Each structure stands twice: as structure tokens, then as C-alpha cells.
Amino acid sequence: MTTLEIPATGYSICYELGIFKQKIVEGQQVELPDDWKGLGSAWLLPKPEEAQEVRFGGTLREFWDDGHLHIVNEGATTVLAIPCDMVVAGYDTHHVNTLRLWDAKSTKPVDMALFSRGEYLKATEEEAMAETIAKILYPEDNHLEGKSLRLKQQYFFVSATVQYIVKKHLDVYGTLKNFHEKNVLQINDTHPALVIPELMRIFIDEAGMNWDEAWSITTQSVAYTNHTVLAEALERWPQNLFEHFLPRIWQITMEISRRWQKRVEDFYHDENKTQRMAIIWGGEVRMANLCIAGGMAVNGVSGLHSEILKKDVFKDAYGMEPWKFQNVTNGIDHRRWLSEINPGLDSLIKDLTGGDDYLMKPLTLRKLDDYADDQTVLDRLGEIKRRNKLDFTDYARRTRGVELNPDAIFDVQVKRLHEYKRQLLNVLHIIALYQKLQDDPNAITRPHTFLFGAKAAPGYAVAKRIIRLINSLADQIAHDPICKDKLQVVFLENYRVSLAERLMPASEVSQQISTAGKEASGTGNMKFMMNGALTVGTLDGANVEMHDVLGDENMFLFGLRADEVAELKREGYIPQRLYNRDPQLRRCLDALRTGFRDGVTYDDLYQRLLFGAGGSPADEYLLLADFQAYCGAERQMVETYQDQRRWNQMSLHNIARSGIFAADRAVAEYADNIWHVPHR
Ligand SMILES: *Cc1c(COP(=O)(O)O)cnc(C)c1O
């Protein structure tokens, strides 16, 4: 947004601890605190003079004055929100934007009376309470954490932000009647959904507007980006948490809900639809429905995902207000994810395209297509990848003590650990390769290194078991002489952006193998593509749009499509049938039960795939259904790798056609189609 010269501010919490640091101890994930501010706070500028007060709890008192009903929140606990600003530079512009992170401080000084009586803990109780709000970032990914602290965090940063934006608007315009003409609040997932009732609260309680005027301005100021269709990740809050911690917000949300429900009833006259579209139902507040009701636009983050929102997840809302539904396919900053991290490739591009135009006009990359038959260019591309693999090999040796084989195919799956992303499918295929090698030590002619990196949410037991399985398998293969210079598995500890920046330029194969229909977009897929890795993937998320520009001939597509997944589930999917029918698959799965040389067995994962467990159905994510197709795609990939000319051609086409996945394009689409603001 800064590069496009759009004035904008990002808002979040100034967490004391970021996402945990991951250590692997005896194959298992251990979480350590990430005290990032030690050095990172050098970039933070506190602005105590712009602090806001955020109120929690208390009771409501109503009274009439001057013919108006007034509502005051009494006996609330006040938490001070102190802005810490980070400057966001763009490329080739004199403008900067701000990322504003709110820190939480108690308003009450330490109770000296208690303190001098020796009741130290009690004396600092209120202070400690306030300050826990900015203590930790919840590490869940695509899963909800229903803790009251999480709700408090959300209201804390939303209320501070909205109060600040409204005040700034009033300072400039002296009225709120034109608020929607001068501001857009883009809700990134449902976590800031409370901006909707918070705007209503301020417009009504503080500016004295009536409901209809406040609602009109609110709904023209807010837009919502949905990031997931996974049911377990759609935010729902128990209404009693609202009632207790946010009494006035609860009152306003109830009224929003009542009016929305009436509109739905009048439109559809269908109780099932009323129930599905309700904002409050069964004692819960459904944040996505609140965002749809309270905003002017709803967008998904890839073409497929946005279609699924309209046809499936929010189909009733789409039927009532089709104009709200849009798509903005995600993008990545190509200046970071190509130019900055891959200087070798950056120089080649500048040589071939005649300068650095591509930095501002990413579609310029398309010119690389013209060199697909230029052997000199193809060789240079191959050498750049080779150099990057050697650099990463050095880095891995230096920092992790692992010895990678730079002659091997670097086949990479790095992303958060989640069952729907199917790291376990990758593992099953590696087990199949290993078993093949045991039957015939000459079965692998091209050395193959599988690299994994993933953090599991600390409470996600299955994800942690899969991490341990990857490490057990890596250890087994490392200790089997049959595998030497043929097969290798490495789990890279503590996968994070700075590791991704080193890894992407060295990657040759990008694993994007989620169950079709489950990944909203993916952005890792784009980073790999831009660095010339070839994708082995399903038609899911933005892989679909990658396929649109690459064609079948420039990626290794496999597996069920989203509609086929839905169809298979409808008719009743029975993975045991595949197990009984396919001896290769059976042998792989049996290896989970047998376990590995470290003595660890994975019967739990075996049971999960064949019979289901803990309320989830057998093989919920269709690993068995896609297994043979996946093995076929990997075989195809390895065969193609033997023809380095062909491989480098494909790699060149991937880089050439990655321009549409530049963030500049995505930001421009938000500016043009949702915010209606000018840009460079
Ligand atoms: C890009 C990125 C992601 C997102 O990866 P997906 O494969 O799209 O899930 C996750 N973590 C890190 C550190 C990243 O850089």
C-alpha cells in the first residue's frame, strides 16, 4: 500500500511474545517463548500522548435527558492502550505508512495501601490483569481459541483503533456524517469483527446519532476478507463472555442481530436459512455472519475460495445480497520474495528484461517466456539454482548441523502443520519410496531430499504427532545405508519468514497438496513459483490460478478436484476399501503401526486414517483417495527432472508467469473494487 501510495494504517497488538520458537527435542516439538522486543523494539516508537482508554465489564445505567435515552457503562475496568508505531517504507516513494501496535497498561497505579500492608500480589493485581492483554499471540492457525483473554485482546485493539480513527476524523472534519466517505476499515479475517458494534456504540452513545444513521455509515465503512472455510476455524463466541466483558457491545450486537434476522425472514420465509444466517444462535455469536451483515463487501482470497463462499459457506447471504461478494486473489511482495532474497535470479531477470522495470511492473516478468529455447539462459537459470542450493546447504550445515546433498532434488513442504495441508500424504509417499528401495536398492537413480518445516499449534495433538513421525522417518532413513545418496528426509526446526527467505531460492519442488476445497489461497505456493520451483499440487486455492497461467505442461497436478471431493463425501467415503484393494498403500500404512528404529509407533495415526477418532471421520482429508495419484505425480516430476533442459524451461515459465501473484496487483484490486481509492 505504501508503494502504491495509498495512505493507510495497519493496526494490531504490541505482543510481548510472538509466535513461539520451535525446538525439536527427541523428535518432538517443544515451544519456547519468543521475546522479540529485546531487539525488535528498536523499530517501535511509543506515542503515549495518543493513548486510548478501553473499558471492560461493569454495568449499564439508562436515563432520559433532553428527550434522548442515554446509556452509561458504570464500574467498568479501564485499560490504557498505548500506541507503538512502526514506520512502513515502500519502494521508490517518499511516503511512509504506519503499523500501529497497541500496548496495554493499567490505568490504576499500584495500590500503596495494600502494598504497605505487605499484600504485594494483591496490590499489583489490577496492573497484572491489564497487562496480560498484550502478553501473548495465540499460536492457533485455522482453529479457534475460545478463551476470554482472546476476546479481550480483540476488543482491546478494536476499541482503541476505532476510537482513535473517529477522533482523528472529527479533528479534521468536525462531523461524523461523512465518516464513510473518508475511511474504510478492512477487516482481516473475523478477529477485528467487533469494529462493527464498536462503531455503532461510538456513533450512537458518543455522537448521538440514531440507529439508522449509525448503521448506514457503519455498513458503508467496513469490508470483510474471509480467510477460511474450515468449520472449526469460523469464529463463534459464547454469548455469556460478551455479556460479562462487553455489556454495551452485547446490547448493540443483539439489536444488529434482531434487525438482520428480520430482514432474512422477510426475504426468505425459510426457518433453516434464518438459522444458518443468524448472528446470534444457540448461545453463540457468529462473527463471520456479523461481518457479512455489517459490511459493504465480503471477499475470498482466491477464485476457487470466493466461489465456495458464494455456492456453499455463505450461499444464503449471497442469495440475499449478491453484490457484496467479491474475490481478491492473494499476492506476495515480489520485491522481497524474489529481488531481495534471490540476487542471482534478480540479475538474470534484469539482464533479460533490460533493467529493473519488473520491480514496479511485475507483469514484465512475462518477457522471460521468450527465452524458453535459449540454451544459454536455461543453463544460467540452472546454475543460479545450483548456487542457491549450495548456499542453503552451507547454511544448513552451519546452523543446524545437517548435511544436505546438493545433487539431490530439493523437494520441499514448508507451511503450518495442519491435517488438511496433508503433510502426512507426503510422508506416506516417502515411506512407499523407502519400501521400494528396500525391495530393490537400485529403485532410486536420482537422489531425492525431502525437506519439511512446520510449527504445530501447541494444543493440536495430531499435528504434533505428525511432526514426530517426520522425525522418526528422517532418523530411520538417515541410519539405513541403503538410502545413502538416494533418499533423505530433513525436518527444519523453527520454520519462519527468515528461514523461508533462505529456503525459497534453493527449492526445486513445491509441495502444495491440500485436500481440494480446503486451502483458501496459500501464499507459499506463490513464493516457490517466483523462485522457479515446480509445483506438485492439487487444484486448490490459488494453485488453480497458477494452473490457469501455466497449463498442465508446467506443473504436476494430481488428485480429486473440489467438486469431486464433495461428491465422494456425499456418496460415503470408505478408506478401508482402498486399504484392502491396494497392497502398496496397505504396506505404507502398516509401517505406521510397526514404527521405526527409534522405537516409536504411530498406531494412532493409522487408526485415524482407517477408522477415524475423537469424533472425526476416517481419513477426513482423503489421503488414501489421492495416494496413487500423488505417487504418480511425484514419479512424473522425477522423470522430468532427468531432462534438465525441459526442467529449466518449466522453471523459467513459472518465474515468467508469476507476476500476477505480486501483492501490488492484489492491493490495486482492493483499492479499485472495494475501497474505491486512487493509487499509483
Ligand atoms: C508464506 C508463509 C506461510 C504461508 O504458507 P502456505 O504454504 O501458503 O500455508 C506460512 N509461514 C511462513 C513462515 C511463510 O513465510
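How many bridges pair E12 with strand E14 (residues 284-286), and in which sense do they pair? The two strands pair in the antiparallel sense, over 3 bridges. Please keep in mind that this is a predicted model, in which local features need pLDDT of at least 70 and side-chain atom pairs count only at pLDDT 80 or more, while totals for chains, interfaces and linings use all residues. Residues are numbered from 1 along each chain as its sequence is written, and side-chain values use heavy atoms, with hydrogens and water left out.

**The antiparallel sheet**

- E12, E14 and E13 make an open sheet of 3 strands in the order E12-E14-E13, with antiparallel pairing; two strands pair if DSSP finds at least two bridges between them.
- Strand E12 (236-238) and strand E13 (280-281) are the edge strands, each pairing on one side only; helices (H or I, at least four residues) and strands (E, at least two) are DSSP runs numbered from the N terminus.
- Across from Arg236 stands Arg286 in E14.
- Helix H12 (residues 287-294) lies across E12 and E14 and runs at about 50° to E14; axes are lines fitted to C-alpha atoms, for helices over the stretch in contact, and angles run from 0 to 180 degrees between N-to-C directions.

**The parallel sheet**

- A further open sheet has 4 strands in the order E10-E11-E15-E16, and here the pairing is parallel.
- Its edges are strand E10 (185-188) and strand E16 (325-327), each of which pairs on one side only.
- From one strand to the next, the twist averages 25°.
- Strand E11 (residues 222-225) and strand E15 (residues 297-300) run parallel and are joined by 3 bridges, and Tyr224 stands opposite Val298 in E15.

**Helices H25 and H26**

- The axes of helix H25 (residues 583-594) and helix H26 (residues 603-610) come within 7 Å and cross at roughly 140°.
- H25 and H26 are therefore oblique to each other; angles under 35 degrees count as roughly parallel, over 145 as roughly antiparallel, 65 to 115 as roughly perpendicular and the rest as oblique.
- On the H25 side, Leu589, Asp590, Leu592 and Arg593 meet Asp603, Leu605, Tyr606, Gln607 and Leu609 in H26; contact means heavy atoms within 4.5 Å.
- This contact of H25 with H26 has 5 nonpolar, 1 polar and 3 charged residues; Ala, Val, Leu, Ile, Met, Phe, Trp, Tyr, Cys and Pro count as nonpolar, Asp, Glu, Lys and Arg as charged, and the others, Gly among them, as polar.

**Cavities**

- The whole structure holds 4 cavities of 30 Å³ or more; on a 1 Å grid over the protein atoms alone, a cavity is a set of points where a 1.4 Å probe fits but cannot get out, and lining residues have an atom within 4 Å of a point.
- The largest cavity contains about 150 Å³ of space; grid points are joined across faces, edges and corners, and a volume is the space filled by probe spheres set on the points.
- Its lining numbers 13 residues, of which Glu419, Leu424, Arg608, Leu609 and Tyr621 lie nearest the centre.
- H26 gives the largest share of that lining, 3 residues, and helix H19 (461-478) and H26 each supply at least two.
- By class, the lining of the largest cavity has 8 nonpolar, 1 polar and 4 charged residues.
- The second largest cavity has a volume of about 70 Å³, and its lining divides into 1 nonpolar, 7 polar and 4 charged residues.

Note on methods. On a 1 Å grid over the protein atoms alone, a cavity is a set of points where a 1.4 Å probe fits but cannot get out, and a pocket is an open set with protein on both sides within 12 Å along at least five of seven lines; lining residues have an atom within 4 Å of a point.
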